[in-house]
Amino acid sequence: MLSAVRTQRHRAEAPTGALQDPARSSIFAVSLTAVCALIVVIARIWFSADIEAAASSSGVIAAVSFAHGMTLFVMLGRDRITMPGLFMASSAAIVGVSGLLVIPDPSFIVGSHPESSLNTALFCATLTQIGIGMLCLRTDKIGRPDEVVLPVRTVRWALGAGVLTLAATVLLGDRLGVLADGFGSSAILLICIALLLSPRGLGSPWNIVAIVCALLVYPTAVISGTGRLRAIALILAAVYIFFLRYGRQWLKVVGVFLAPMILAVLGVWRKEYETSLSGEHGNDTGLSSMFVGIGNFGSLIHDFDLGGLPTLGASLLSPLGAALPDGLAPDWMPDAIGYQLAALTDPELYGTGFSTVATVYGDLWWNFGALGLMIGVPLLALMLDRIDSWTIRSYRRAAQGPRDLLLLVFFAALLGGVGDIVWSGFHTWMVRMYARIAALVVLWLFTFYVPRQVSPQFVTFQPEEHERLAEREDSAVQKVRPRRAESPAGSLCRRHRRPTRYVKFSTASVPR
């Protein structure tokens, strides 16, 4: 039985959607990288030779960032979505689209020549994005895996646990404090994954309605008006699982064309929320919090030009301080980069709890300067690839029971937060995972009240597995019983001996 599971798992791990010709893949990766990098460098040289061409040069670089990121989003993984692909799409929005929005009015960037700082920020961020994309293309070897279907009993457990957790989160509301978002997000994601991987999946209209309703509960009952990236993280995690079972590359192309509409809707949502609080809104597009990151990166570059020094990685310790209760964090542990950056971008709000962002590229620059961007290329590419691989591995094992399903929920939530990484760096991404992990720990404790074995279902073993089991049983019988001399009676007894019975088990019933 275990060998059958191993055989099936080995077959599932075959790179079904990998590029067929490694040499051709390498040539394409190098060619795409070279063309995009060349355009960016030429645009930068153009600006250096003609200061008046700052807006045009920045526009070309921002357009390359958007085109490059969206192209890799479609290509990476073929029929499935990948974490590197989501990173590229997020960078296309937060660097490319944001750059195009900031170019007409970069006045909020610190310095006497904000257009120059913006051009440098776009140049550094786009080149780093292109470098990460090249490495991700080289390591893109896993296509869409074989379909995984959860046993009915696991689906029922997931729906029950998810609905109870979500109902408790809504009822308790603000009394959960910072945990409310994590509990609501994890419960909804558990429900969505269970329905997506259920035997009927999206073939049932009721499952589709239930998934849509569960997702709508999050912005209406769990968060309200704010937390757009939290909502995006939840949607991306659910969409990632959807593509593992139903994905097609053309659907990603459709997503690229829908992205501007999604951004516009999110902008309207944010603008209405700001108006409801103060009667005013910060920007006509409602996307000021999205494009402020690339502008703040420009302010940070300007500060370094005046003699600012990198923190040498000190700010990367801030997530550890956020995990400790108030008053227990040591004084030497720094605040998150967002709070420290406020002293530069908004000095009148520094120390009031106000924080801002400078994108992941600004986070790397803040810690190690230009060297941080060069170091970040291989490290980020490796991190994105590993998390994506671990998520695929947990997906293949999800049918083994509720605990394995919760592990898939964890990796999907971790992967879905890729927008937090690009927007603000590592601190926000890690801190927002704390509450989600706490919710998953509670749900994991629930599994101790559920029988570990999932109800058996009959499946078909491979023919060679039948033969292997028969040989194993025959050898065991021969070891226990001494061979008797051949005789007609003995042969007759063997011919009329009760035939061996093979019991078929579900792969989901394999004990841990």
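Student: Which side chain meets that of arginine 80 in a salt bridge?

Tutor: We're looking at a predicted model, where local features need pLDDT of at least 70, side-chain atom pairs count only at pLDDT 80 or more, and totals for chains, interfaces and linings use all residues. Residues are numbered from 1 along each chain as its sequence is written, and side-chain values use heavy atoms, with hydrogens and water left out. A salt bridge is a side-chain nitrogen of Lys or Arg within 4 Å of a carboxyl oxygen of Asp or Glu. At 2.7 Å, N to O, arginine 80 meets aspartate 388.

Student: How many residues apart in sequence are the parts that arginine 80 and aspartate 388 tie together?

Tutor: Helices are DSSP runs (H or I, at least four residues), numbered from the N terminus. Arginine 80 sits in the loop between helix 3 and helix 4, while aspartate 388 belongs to helix 15, so their pairing ties together parts whose separation in sequence is 308 residues.

Student: Are arginine 80 and aspartate 388 buried or exposed?

Tutor: Buried means under 20% relative accessible area, exposed means over 50%, and partly exposed is in between (1.4 Å probe, protein chains only). By that rule, arginine 80 and aspartate 388 are both buried.

Student: Where is the arginine 230 that pairs with aspartate 181?

Tutor: Those two side chains meet in a salt bridge at 3.5 Å, N to O. Aspartate 181 counts as buried because its relative accessible area is 12%, whereas arginine 230 is partly exposed at 24%. They're 49 residues apart, with aspartate 181 in helix 7 (residues 179–196) and arginine 230 in helix 9.

Student: Why do tryptophan 390 and phenylalanine 411 count as a tilted pair?

Tutor: Rings of Phe, Tyr and Trp (its six-membered ring) pair if their centres lie within 6.5 Å; planes under 30 degrees apart are stacked, over 60 edge-to-face, and the rest tilted. That rule gives 7 aromatic pairs. In this one the centres are 6.4 Å apart, and it's tilted because the planes are at 50 degrees.

Student: Which phenylalanine has arginine 44 over its face?

Tutor: A charge sits over a ring if NZ of Lys or CZ of Arg is within 6 Å of the ring centre and within 35 degrees of the ring normal. Lysine 252 does this over phenylalanine 73, at 5.9 Å from the ring centre. Arginine 44, at 5.5 Å from the ring centre, lies over phenylalanine 123.

Student: Which helix gives the largest share of the nonpolar patch?

Tutor: A nonpolar patch joins Val, Leu, Ile, Met, Phe, Trp or Tyr side chains within 5 Å, from residues with over 30% relative accessible area and no salt bridge. This one includes Leu312, Phe368 and Leu379, and its residues together have about 690 Å² of accessible area. The largest share, 4 residues, comes from helix 15.

Student: What is the phi of leucine 312, which is not a glycine?

Tutor: Leucine 312 is in the loop between helix 11 (288–305) and helix 12 (318–323). Its relative accessible area is 66%, so leucine 312 is exposed. Although it's no glycine, its phi is positive, at about 55 degrees.

Note on methods:
Patches are made of residues with over 30% relative accessible area and no salt bridge: like charges are joined within 9 Å, nonpolar side chains (Val, Leu, Ile, Met, Phe, Trp, Tyr) within 5 Å. Accessible areas come from the Shrake-Rupley method with a 1.4 Å probe; for residues, only the protein chains shown count as cover. Helices (H or I, at least four residues) and strands (E, at least two) are DSSP runs, numbered from the N terminus.
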